[in-house]
Amino acid sequence: MSGFDVLTRGDVLDSALQARDYLVDCGVPGALAAKDPRLWGRRAVDHSRLGWLDLPHASRGLLGQIDGLAREARYSGLDHIVLIGIGAESLAAQAIVEAHAPGGATAGGRAPGGAGPAGAPPGGLTVLDGSDTAALAFALERLDRTLVVLASKAGVSLEGDAYRRIFADAFRRYGMSEREIAGRFLVITDHGSPLHDFARQCGYRIGLTDPYLPGHFGALSAYGLVPALLAGADAERLLDEAAALAPSLAQEEDNPGLLLGAILGGCAQQGPGGVARDKVVLREPGGPGALTSWISQLLAVGTGKRGRGVMVFEPPGVQGEAPDVHGVALNPRAAHDDADTSLWAPLGAQFLLWEYATAVSGWLLGVNPFEAGSTVVQEAEDDAATMLRAAGAGPLPTGEPVAVDGDIEVHTEPLGPGGFAGGAGGLAGALDGLLGSVPADGYLSIVTYLSGDFSGRYLAPALARRAARPVAYGPGPGYPHANGTVHKDGPAGGAFLVITGEPAPGDALAAHPIPGRPYGLAKLQLARALAEVRALRQRGLPVVRLHLRDPVDGVGRLTEAVRGTSGSRRTVR
C-alpha cells in the first residue's frame, strides 16, 4: 500500500468538519508546518519538541550509522535481537517488525495481549517488558546468536535492570569474557541521560538520541528503527512511506493528519447532549497487534491530562454500540467496513499520521501533547522499588484478603478510597461490586501480572456484556506504564481489575533470581502490581485485586466466575 486516506461519516463527520474548520481558522496547520512553538505557549513547547516532524528525512542518517553494526551482527551470526524496554520504546519496534520483517515475521517476544514466542521466526525480535517469563526463556535458549538492545530515554527501569543482570550473568556462564559481554549490549538512550553514563561505564555500545524529542513521538527515531533494522526490518522503506505523507501535512486542504486529529479531538469534546466520544475502538484486519498498542500509548500519553484524554480499546472488549464510543478501522478491506472512521496508510505513514493527529487533538482538548504528563507512572515504579528494598529477602506487604474463594484471594478496600462493598460476597460479590462501580460513561480495565499466556482478552467480552461498558486490558507492567497517564490523569472513569498469581508449576523462570538482588522476577512482578493498585486507590479509583494461589485452576475458576457474574448493576455518577 502506497496511498493514504481518512474517511468518516455520520455525526463523527459533522464534529470533525467543525473542528477542522476551527483548526484552519486558528492557523494550526501552518503553525505546525513551521514548527511554531507558540501553539502551546512559548514556555510550554519549544521548537525542538516538534522535531518528530523532520524524522522521515532526518533519520536517514541514522540508517547509515547503524548499517555497519547490522552487517557486523549478521556476520557474527547475531540474528536474534532482544529488546528490553517498556512502553513507547518497544511498541514501535514491535509494530515495525510485525509489518516489515522478511516473510512477514512477527516479534519473537510477547506483544501486549498477543501470542507468545512459540511461533517466532528463527531470529527476529524478542521484546522483554516484564509481562511474561516465556519470552525470557525463549531468549536464553539463543545466547549464541543474541544481541541485547536496552532502550530507555532516562534511566533503567526495574525490569530493565533485572533483565540486563540476567543476560550479563547468562553470557558469563556461557563462557564469555567481560569484553565480549559488553559487545553483546547496545544501549539506546538520550544524550546525557543516567543510562548514558551507566552504559559508558560498562563499555556497552551506545546509540544516542535527541533528549528533547518526546518519547511517545519517537517511532521514527532510533527507538523504533534501530532494533527493527537489526531484526531484519526494512527501515528505509518505512521512512519512504512516512516521507510520502509529509508534504500533505503542511496543507490546509487534503491533509489526512489534520482530519484525523479533528475527528479525535472533535469527538472527545462534549457534543450534542453533553456526550464526549472519547473512546476509540481500533480494528486491524488481522486482529489487534503492536500497532494498536503503539497508538493506544501515544494517545494516552499525548492527551491523557487535566481530566481529558482519548482512550483506545480493542474489539473483544466492546459489545454493542455506546454514544461515547466510535470505531476506527485501520486499512479495512472495504470502505468504512461498518466503522465510523476508516484509515488507509502503510506503516511508516501511520506513525507520522497518528503523531500529527495526536498533536492536533491535544491542541483541541487544551492539553500539551508533548509533555510526558504527571509523574504517576514513575511514582508507581518508585513505590515498587521502595517495597522491594524494604522487604529485602522477606515477603512483600500484600495485605490480608477480604475473602478467599477456592484458591483465589480477593483483595479490596470496602470502606477506603477506591473501595466499595463487595468483599463479603466473595469472588462473585467483588466482581459484582466492581462492575457496579463503573460510571455510566466509564470503563473497566483488566491488568494481568501472571507468568503465562493468560490475557485479560479472555475475560473482556463477558465483562463488557455484564458492565455494558467498554473493557480495556493488557499485561503489567507494560500496559499501565504505556497507558497509565490517561487512566490516572484523564477522564477518571475507570474501574480496575488487577490479577496476580503464584508462579505456574514448572515455571522455574518465574522465580528466577536476579543477580545482585535479593529478589527474583516473580517478586518483582508482584511488587509492580501492588504499587499499581496503591497508585490507583490513592486517586480514589475502584480496584479489586485477585491473587491466584494456583494459577492453572485459578484461571479456570476466575473465567467461570466472570461469565456467571450476577446481580444488578448499580451506577455511580
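Author: What follows goes from the nonpolar cores to a helix and then to a pair of strands. The model is predicted.

Start with the cores. The largest nonpolar core has 94 residues. Those with the most contacts inside it are Trp52, Leu230, Trp294, Ile295, Phe351 and Trp354. Helix H14, residues 347-365, gives the most to this core: 13 residues. Take Ile295 as an example. Setting aside neighbours within four places in sequence, Ile295 is in contact with Leu282, Val312, Leu330 and Trp354. Another core lies apart from the largest one. That other core has 40 residues, including Ala135, Ala199, Met387 and Leu530. As a general background, nonpolar side chains tend to be buried together in soluble globular proteins.

Now helix H5, residues 88-100. H5 has 13 residues and reaches 18 Å from its first C-alpha to its last. That is close to the 18 Å expected at 1.5 Å a residue. Of the 13 residues of H5, 11 are buried, so the helix is largely enclosed by the rest of the structure. Among the buried ones are Glu89, Ser90, Gln94 and His100, along with Leu91, Ile96 and Val97.

Last, the strands. Strand S3 covers residues 124-128, and five of its five residues are buried, so S3 is largely enclosed by the rest of the structure. Both of its faces are covered. Gly124, Thr126 and Leu128 are on one side, with Leu125 and Val127 on the other. Strand S2, residues 80-84, runs parallel to S3, and five bridges join the two. Ile84 stands opposite Leu128 in S3.

Technical notes:
Residues numbered from 1 in each chain as written. Predicted model: local features only at pLDDT ≥ 70, side-chain atom pairs only at ≥ 80, totals over all residues. Heavy atoms only, no water. Core = buried A, V, L, I, M, F, W, Y, C linked by side-chain atoms within 4.5 Å. Buried < 20%, exposed > 50% of the residue type's maximum accessible area, 1.4 Å probe, protein only. Helix = DSSP H or I, 4+ residues; strand = E, 2+ residues; numbered from the N terminus. Contact = heavy atoms within 4.5 Å. Expected span 1.5 Å × (residues − 1). Pairing = 2+ DSSP bridges.
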